[in-house]
Structure formats: structure tokens, C-alpha cells
Amino acid sequence: MRTQSAQWAIAAIALFCLALTGTVKADEMVMKNGSRVFGKLISAEAGLVVFDTPFAGKINVKTENIDVIKTDETATIQMADGQIYQDKQIVATQDTLTMQRAGQAPRTYDIDDIALVNPPAWKLGEGYSFTGRTSASLAAERGNADTEDVTADYELTWRSLKDRYDTRGYVERGVANGQDVSNSWQLRNKYDHFTKEDGDYYWGAKLRLEFDEFADLDLRTVVGPHFGKQFFSSKRLTLSAETGPVYVDEQFDVAEDNNYWGMNWDLNLESDILGFGTTLYVLHDGTFNFDSADEPLLNATVGLRMPLIFGFETSVQARFEYNGGAPEDTEELDETYSFRIGYAF
């Protein structure tokens, strides 16, 4: 009986040793506090490393907290000048990166010369990256007043080295004591083409459609070209801005219809600077009316997203819509505050 127990113990120890050996052969990340993490290097860019671990899945680690990374599997390295090195094993510190292929002598580069490690296929000129998210909120009140308010939004983006397709929109519906109190929606489609000379600059065109029953707006159409720049594109900071002329056509139910030429601008910002897996986002667009300078259209959305599990996320969001030329008996400023549940893919 004891012999059988001893055999089981030896077998368990052997399996543990095999598992440990397999782990040691994995990629290794040594932290500045001395701890070691084994797993697989997924990607690295702009001061952030994505590392896949067997105990916590994919984790984001700031490079300032890493002493050295050693890969057992080969990696693809994209240099700042656009050159690509494939099938390389690397040893990376905060200052240098040494890469080597079997049978070749190692080469060491300054870390500032490295743009990406294991970049996604689209950044190598292969196809499109598809990302998207959708979210919704529901608020209900019972008592002196029976109210329900539902909002839903979405955004989809297809991105390649050459161009980007983007569509987003939202719908809002509110009812109080059986009567509609809010009913609006917005849809925006946009195309961007990045220049060959400098991949950060782009030109394109946009089309925005808006409806708001309680602002007397049957349909507002905003269309025109734009020129912009992608200033930053990383998890730490994504920032783009653009501007261009637009033609605006407004159809009202009661007020007199209107149309005019103007200047439009857009600003999109996302950042994980607050930490804890959160994402701060700011979306702003405005339209200046050439005919009436004191009647601008201004929209701003500010929010904070927090991840849950399996792609689900939650967020707190504030949306502001200002219409300087709102018809009489309608409010110039609409404010919407919501707690949202969504899904990212």
C-alpha cells in the first residue's frame, strides 16, 4: 500500500517538474521588483507590453516596471523606419533590444528605434483590423411619476494602413406617464484615406444624419470633406483631429427649413492613463455656421469605460448637444447622463 502511494507521489512530482520545465521554456518577463512572469509576449508598443500568462490571461504592463524580457518563441519586430524583422528571438530591456535568428549573430538596437513587437497583421499591410462596441442603458422610475428612458449606441471601425471606415450612432427614447418626452437619434459615417508620404495625415469625407422630435428637428444632414491627423495611436493615448467645410441642410416640422455652408471639426481621444483597466474617452464635434456665427452646433461625449468579463464592459457617460440656432420654444442645450452596459469586440 505504501509502495503504491510512493509511486503516485513520484509520478506527481515528475508531472510537476515537466510542467515547470515547460513553463521555463516560455517567454520570460523580469520585473524591476525582482519577480518573474512566464508566458507569451503578445505585443509591445508605446510604453506598454501585453503579456499572456497561464494564471491571469492577458495583462497590460508598463515598460517602466519591466527590467528585461526574453522570448523563447520567435517574434516580429517593426522598426521606427518601417523595416520589418521576422522570426527573431529577442532580449529587451528599457534601453536596448537584442534580436537573433538561429545561426546568425545577435544585433542590438536602441529601444527608441523599435516601433512595435508582434504588430497586428494590418500594421504590416495585410488586410483590415475590425473593432467595435455597443452599449445601452435603461432607467425606470415608479411612484409619483412613471418614467422609462432607453438609450443605445454603437461604433464600428475597419482600419488598414491605407484607409479607415468608421460608423457610429445612437438612439434615445423616453416616456413619462405614457407620454413621449424624448425621441432622437444620430448616425455618422466617415471615410479616411491616409497619405503615403506621412501615414499620420489623412483626408476623407463624412455624412451625419440627426433627428430630434422634441427639438422640432425632422432631419439634419451634414456632409463634406475633411483633412486630419492621427496624432497618437496606442492604448496609452489615441488622439485624432480633423476639420473641413460642410453643407448643412435642416428640415423642421414647425420652424422654417434652413440650409447653409459651414466649417466642421472633430476631436477623438481615448486613454488608459487612469489605470485599473479603465479607458477615458472624449468625442467632440462642432459646426460653425458661415451665415450666423452665433449659431454653432456643438456635441461632446465624455465617459469612462471599465472592463468586466468576456468582452463585456460598463461605463459612465455624459453627452451634451448644443444648438445655437434652435427654433423658438425649444432648448438650446440637451444633456444626457447614463450608466451603461456594453460589449466590445
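Mentor: A salt bridge here is a side-chain nitrogen of Lys or Arg within 4 Å of a carboxyl oxygen of Asp or Glu. This is a predicted model, in which local features need pLDDT of at least 70 and side-chain atom pairs count only at pLDDT 80 or more, while totals for chains, interfaces and linings use all residues. Residues are numbered from 1 along each chain as its sequence is written, and side-chain values use heavy atoms, with hydrogens and water left out.

Trainee: How many salt bridges does a search of the whole structure find?

Mentor: The search gives 22 salt bridges. One of them is formed by E313 and R133, whose closest N and O atoms are 2.8 Å apart. That pair links distant parts of the chain, with E313 in strand 21 (residues 312-323) and R133 in strand 11 (residues 129-141), 180 residues apart. Strands are DSSP runs of E with at least two residues, and helices are runs of H or I with at least four, numbered from the N terminus.

Trainee: Are E313 and R133 buried or exposed?

Mentor: Both E313 and R133 are buried. Buried means under 20% relative accessible area, exposed means over 50%, and partly exposed lies in between, with a 1.4 Å probe and protein chains only.

Trainee: What about D192, with which residue does it form a salt bridge?

Mentor: D192 pairs with R164, and their closest N and O atoms are 3.0 Å apart. D192 lies in strand 14 (residues 179-194) and R164 in strand 13, so the pair ties together parts that are 28 residues apart in sequence. D192 is buried because its relative accessible area is 0%, and R164 counts as buried at 11% relative accessibility. Salt bridges that share partners join E155, R164, D166, R168, R188, K190, D192, K206, E242 and D266 into one network.

Trainee: E155 and R168 are in that network. What is the N to O distance when their side chains meet?

Mentor: The salt bridge between R168 and E155 has an N to O distance of 3.9 Å. R168 is in strand 13 (residues 163-176) and E155 in strand 12 (residues 147-159), 13 residues apart. R168 is buried, since its relative accessibility is 17%.

Trainee: Changing topic, why is strand 6 described as largely enclosed?

Mentor: Strand 6 (residues 75-79) is largely enclosed by the rest of the structure because five of its five residues are buried. A75, I77 and M79 point one way from strand 6, T76 and Q78 point the other way, and all are buried. In a regular strand the side chains alternate between the two faces of the sheet.

Trainee: Which strands pair with strand 6?

Mentor: Strand 6 is joined to strand 7 by three bridges, and the two run antiparallel. Strand 6 also pairs with strand 10 (residues 114-117) in the antiparallel sense, over three bridges. Two strands count as paired if DSSP finds at least two bridges between them. Q78 stands opposite I84 in strand 7, and its bridge partner in strand 10 is L116.

Trainee: And what is found in the hairpin of strand 6 and strand 7?

Mentor: Four residues lie between the strands of that hairpin, and G82 takes a positive phi near 95°.

Trainee: Where else is there a positive phi?

Mentor: A46 has a positive phi near 45° in the hairpin of strand 2 and strand 3, which has two residues between the strands. Five bridges join strand 2 (residues 36-45) to strand 3, and these strands run antiparallel. D216, a residue other than glycine, has a positive phi near 65° and sits in the loop between strand 15 (201-212) and strand 16 (217-233). D329, also other than glycine, has a positive phi near 70° and is found in the loop between strand 21 and strand 22 (333-344).

Trainee: Are those two aspartates, D216 and D329, buried or exposed?

Mentor: D216 counts as buried, at 10% relative accessibility, whereas D329 is exposed, with a relative accessible area of 82%.

Trainee: Finally, where is N299 found?

Mentor: N299 is in strand 20 (residues 297-307) and counts as buried at 11% relative accessibility. The C-alpha atoms of N299 and R188 are separated by 13 Å, although the two residues are 111 residues apart along the chain.
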